[in-house]
Amino acid sequence: MDSNKKSQKQAKIIVGVILGVWGFITFIPFLWMIASSFKTNAEISQIVPSLFPKHPTLDNFKELFFKLNFSVYLKNTLVITAFSFVGLFLNAMAGYGFAKYNFKGKEKIFLLVLATMMIPGQVTMIPVYLLLNMVGLTNTLTGIVLPGLVGAFGIFLFRQFMSTISNEIIEAARLDGASEWYIFTRIILPISRPVLAVQGILTFIGGWNSFIWPLIIANDEKFYTLSVGLQLLQGQHGTNYALQMSGATFMVVPIIIIFLCLQKYILDGFNVSGLK
Amino acid sequence: MKKQALWLVILTLVLSTFIAGCSSKNTDSSSSKSKEITFWFMGDGDKQIKPIVDNFTKETGIKVKIQSIPWGSAHDKLLTAVASKSGPDVVQMGTTYMSEFVDAGVLMDLTDDVKKNETIKPENFFSGSVNTTKFDDKFYAVPWYTETRALYYRTDLLNQVGYDHAPKTWDELYDASLKLSKRGEGKYGFNVDGGEPTFGFMFARQNGSKLFDDKGNPQFNKKPYVDSLKYLEKFIKTGAAPDHDLKLDISVGFGGEGIVPMFISGPWMINAIKDNAPDIEGKWATAELPKGPENNISNTGGSNLAIFNTSKNKDNALKLIEFLAKPENQLAFFKSSSSLPTSQKAWEDTTFTSDPFISTFGKQLKSSEPMPLMKEWDQITQAYLKEWEQIYSAGKDVQKSMDDLNAQTKSILGK
Amino acid sequence: MMKKQGILAPFLFIFPALTLLLLFSIIPIIVALIISFTDLSLAGLADWSRVHFIGWNNYKSVLTDTVFAKAIGNTLFYVIIGVPLVVAFSLAIAIMINFGRSAFFKLIRLVFYTPSITNTVAIAVVWSYLYNPSIGLFNFILAKFHMGPVPWLQDPTMAKISLIILAVWKAIGINMIIFLAALQGIPKEYYEAAEIDGANRWKQITKITIPLMSFSIFFVSVTTLIGWFQFFEEPLVMTKGGPLDGTTSVALFIYRNGFQYSKFGYAAAGSFILFISIIIVTAIQFKIQNRHEKQGV
């Protein structure tokens, strides 16, 4: 046991070093982005690269806030993100349906669901747009949110994770007279917290970065999101790199904060057997 | 009596606003919209165009809803507008989009309005710009802003190789470039832009190529065209120009030691150089393009203003276009966005005449033409870029390449 | 086994999601299928009477298009190299991160995750700089070791590899957290029992962790494969498909024809060829998985 503990500690150190080095390499581009957001455009394009800004400036951020219709874009982005969590719930329901029930044509229907992932989004964009236009949903928040509400990726993810939940738990609850809905909301969802967290993060990122639908559907700037706003800053010719960098940095920070909060509660030391 | 009259006035005012408020709420959106026109603008509208449009509203009482659209997604957004037949009233149309959207029949024919209106009649604008609005002798738009390409060069470095002026001819351009490239390893004279889809066509025109004959057949494998590419190829073969895209920022490529001390580009580079290469202030200039065997015709682009066919507010839309076409407003737009006026009169302002960098472009505009206006043009330029890439990076024979390009173009055009 | 309420229940669970998918994915796909047999262009969008059915012509010309053939070759290159790298790297990193509980490991987790949450435009700008042939950081570092310069985006083959590096870098984060979530589901008792039996870490990983994670490995493999078959954003923002079409993927080919040239019928035909290839590959994956599951039981 003792030698085992020792070797375990050794292993931990080796793994830590590998992760540290690998992580640092992964982080370089990101670091450069953040550092650049405090540089002037001229400094970014110097021939001898400098990582840290020589004369740090907040001008980029100031310009960003000044130029962007900031409060409007932020509000829309938050609303869209919030709505997309409804989709998360629908995905979870469908995933559960495919994971824990047997019904006729299940495999075929599931393959049909997966098939929706297999065609490039640009090909279906115009048909979807025409459909929304037909039912009068263009230029509405509903029209922006609806097409991306559910997705095969999420359904598939939930199906995979929920299929590992043991059938006995469900059967036992059924014997106790619990309804199917009760089983899903009170037993399955709590057990699925890790995957809910994963899908939650993905949903948040998707909503936060949503770009093409808000632009296509909106005939009014009041529906624009932060991503659209950032794109507006890009001119026809040439790019202000510094401004782009600060914009990107600005959009990433909230996600990192959310991620920090979420992972503390959900991805840490969660143990299925800890549930009664 | 006086007091009573005052109350009466107040009462009527309150009542009328109340009724007006109600009626605009009760009627459907189409009639309330009739007081407001929509305007799609590419880029950041709040800063660049809103102040000007606000003046329009002040002057005419017509409200304008501006929607800014990112450049990168402009085409997508226009496509969906066409598909749903719900475009804006006034739309900014890139000159290269014109043929496609005119062919689709989504832009209003403005021929009669343009001809009888003093402000927007074609004679007011540069002919190169007017040509982008005219299809089969009908006018579908009004020129708004333009751009053209001119030569940027480092006066100090050219002086060192014995040029106290910008190269005036193809021969001088090549001679100066070659001399500049002899400054040392990794130094060049000129940039033959391999990523610029109009580059070869522009030089071909200067060599007398008509690009297409009267029947619309491509002339890319004919002598004038092939020779112009051979001229460009010579730069790369002798090292007078880099054989790959250096991807240098302007501050490094043009500023400092001047790795590439001459290049051809549009007016937007003026500010880029001023901002990013302050070290070479006073050591650079712009000049009209060097003359080829036939002429020095440059390539013009920019944007026009058009009205969507679905617009129910043609009169008001036209008023906005007219307003934006006025020299003083084009001047204001230049100040907010650095976009060059299409109105010839606007160029008489001291803003342009006193600035040597900009005035070069004004002169060049008199010798500028748009690229051929056909909806397949984008595809043809892509084919050209690939063939040109084959020439300079894989050493493909120029004549062979152009035979291929000609054949591809014929198949793209369905000939 | 299923009780009476089980007959209707599954449909109630999948109904909302399925309805939305039907409306916003399946019906549009069918519309796109119809479009693939027409000559729809911008003019056709504006005026339906200018749309004509042209049978299999789009398919015939796509299949003889040399650029399309090149795009297929490139896409296979991306898929064959990229997919195994993504699955292997994200699994390895997830397992390594799961080793520790300290703040360091938490930080590392976040570090690996950052690329996936960064705006594409910013990624393009940063990586264009890293790969820049003249002033790029990579060649700058290589020069310090008297190596290079490497033509990162200038040589057709190297450019493909460069894009793969970028895409793998970007894809690790999402798949890593999926694996981490799966790792959370493995009861600690399994490891404790194995430790008592004297199994070392490596054995524990190969005999307990990986088999118990097969469901998530399957998920990541399938979705990554589907994703990489549609490899698109990276070549679009980094190389626009060049040099010499060396990085053009099938999805980029479709985008270019559809949105740049407005040849919607042609683009749709190309995408259905892609669609069918992906379905076949995915179906094979499911077959293999089913066989494994049956053997396992």
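How many residues does the contact take from chain C and from chain A? The first legend below gives the answer, and the views after it visit other parts of this predicted model.

**View 1. Chain C meets chain A.** The contact draws on 94 residues from chain C and 101 residues from chain A. Between them, chain C and chain A bury about 8,900 Å², and 79% of this area lies on carbon and sulfur atoms. Helix α1 (residues 9–35) of chain C gives the most to the side of chain C that touches chain A, contributing 19 residues. If you look for charged pairs here, the count between chain C and chain A is 0 salt bridges. Polar contacts between chain C and chain A number 3 residue pairs, counting pairs with both residues at pLDDT 80 or more.

**View 2. Chain B meets chain A.** Here the contact takes 28 residues from chain B and 31 residues from chain A. About 2,400 Å² is buried between chain B and chain A, with carbon and sulfur atoms giving 55% of it. On the chain B side, Pro70(B), Trp71(B) and Thr80(B) lose the most area to chain A, together 20% of what that side buries.

**View 3. Polar links between chain B and chain A.** Across this interface there is 1 salt bridge. Lys65(B) pairs with Asp220(A) in a salt bridge, and their closest N and O atoms are 3.2 Å apart. The interface of chain B and chain A also has 10 residue pairs in polar contact, both residues being at pLDDT 80 or more. The elements of chain B that give two or more residues to the side touching chain A include β2 (63–69), α5 (74–84) and β6 (142–148). Of the elements on that side, α5(B) gives the most, with 6 residues.

**View 4. A nonpolar patch on chain A.** Which residues form a nonpolar patch on the surface? They are Ile13(A), Val17(A), Val21(A), Phe24(A) and Ile25(A), which together have about 510 Å² of accessible area. Ile25(A) sits in helix α1 (residues 2–36) of chain A. With a relative accessible area of 51%, Ile25(A) counts as exposed because the cut-off for that class is over 50%. Chain A exposes about 12,100 Å², of which carbon and sulfur atoms supply 66%.

View 5. Is Gln285(C) buried or exposed? Its relative accessible area is 17%, so Gln285(C) is buried, the limit being under 20%. Gln285(C) has its place in helix α14 (residues 264–296) of chain C. Leaving aside neighbours within four places in sequence, Gln285(C) is in contact with Phe218(C), Ser221(C), Val222(C) and Leu225(C).

**View 6. A salt bridge between distant parts of chain B.** Side chains of opposite charge can pair when their charged atoms come close. Lys314(B) and Asp113(B) meet in a salt bridge, at 3.1 Å from N to O. The two partners are 201 residues apart, with Lys314(B) in helix α15 (residues 314–325) of chain B and Asp113(B) in helix α7 (residues 111–116) of chain B. Lys314(B) counts as partly exposed at 26% relative accessibility, whereas Asp113(B), at 13%, counts as buried.

**View 7. A salt bridge within one helix of chain B.** Asp175(B) and Lys179(B) both lie in helix α10 (residues 170–181) of chain B, 4 residues apart, or about one turn of the helix. The closest N and O atoms in the salt bridge between Asp175(B) and Lys179(B) are 3.0 Å apart. Asp175(B) is partly exposed, with a relative accessible area of 29%, and Lys179(B) is partly exposed as well, at 38%. Elsewhere, salt bridges that share partners join Asp103(B), Lys375(B), Glu376(B) and Arg50(C) into one network.

**View 8. Another charged pair in chain B.** Lys121(B) and Glu118(B) form a salt bridge through their side chains, at 3.0 Å from N to O. Glu118(B) counts as exposed, at 57% relative accessibility. Over all chains, the structure holds 24 salt bridges.

Terms used
Residues are numbered from 1 along each chain as its sequence is written. Chains are lettered from A and ligands numbered from 1 in the order in which they are written. This is a predicted model: local features need pLDDT of at least 70, side-chain atom pairs count only at pLDDT 80 or more; totals for chains, interfaces and linings use all residues. Side-chain values use heavy atoms; hydrogens and water are left out. Patches are made of residues with over 30% relative accessible area and no salt bridge: like charges are joined within 9 Å, nonpolar side chains (Val, Leu, Ile, Met, Phe, Trp, Tyr) within 5 Å. Accessible areas come from the Shrake-Rupley method with a 1.4 Å probe; for residues, only the protein chains shown count as cover. A salt bridge is a side-chain nitrogen of Lys or Arg within 4 Å of a carboxyl oxygen of Asp or Glu. Buried means under 20% relative accessible area, exposed over 50%, partly exposed in between (1.4 Å probe, protein chains only). Contact means heavy atoms within 4.5 Å. Buried area is the accessible area (1.4 Å probe) that two parts lose on being put together, summed over both. A polar contact is a pair of N or O atoms within 3.5 Å; within protein, one must be able to donate a hydrogen and the other to accept it, and residues adjacent in sequence count only if both atoms are side-chain atoms.
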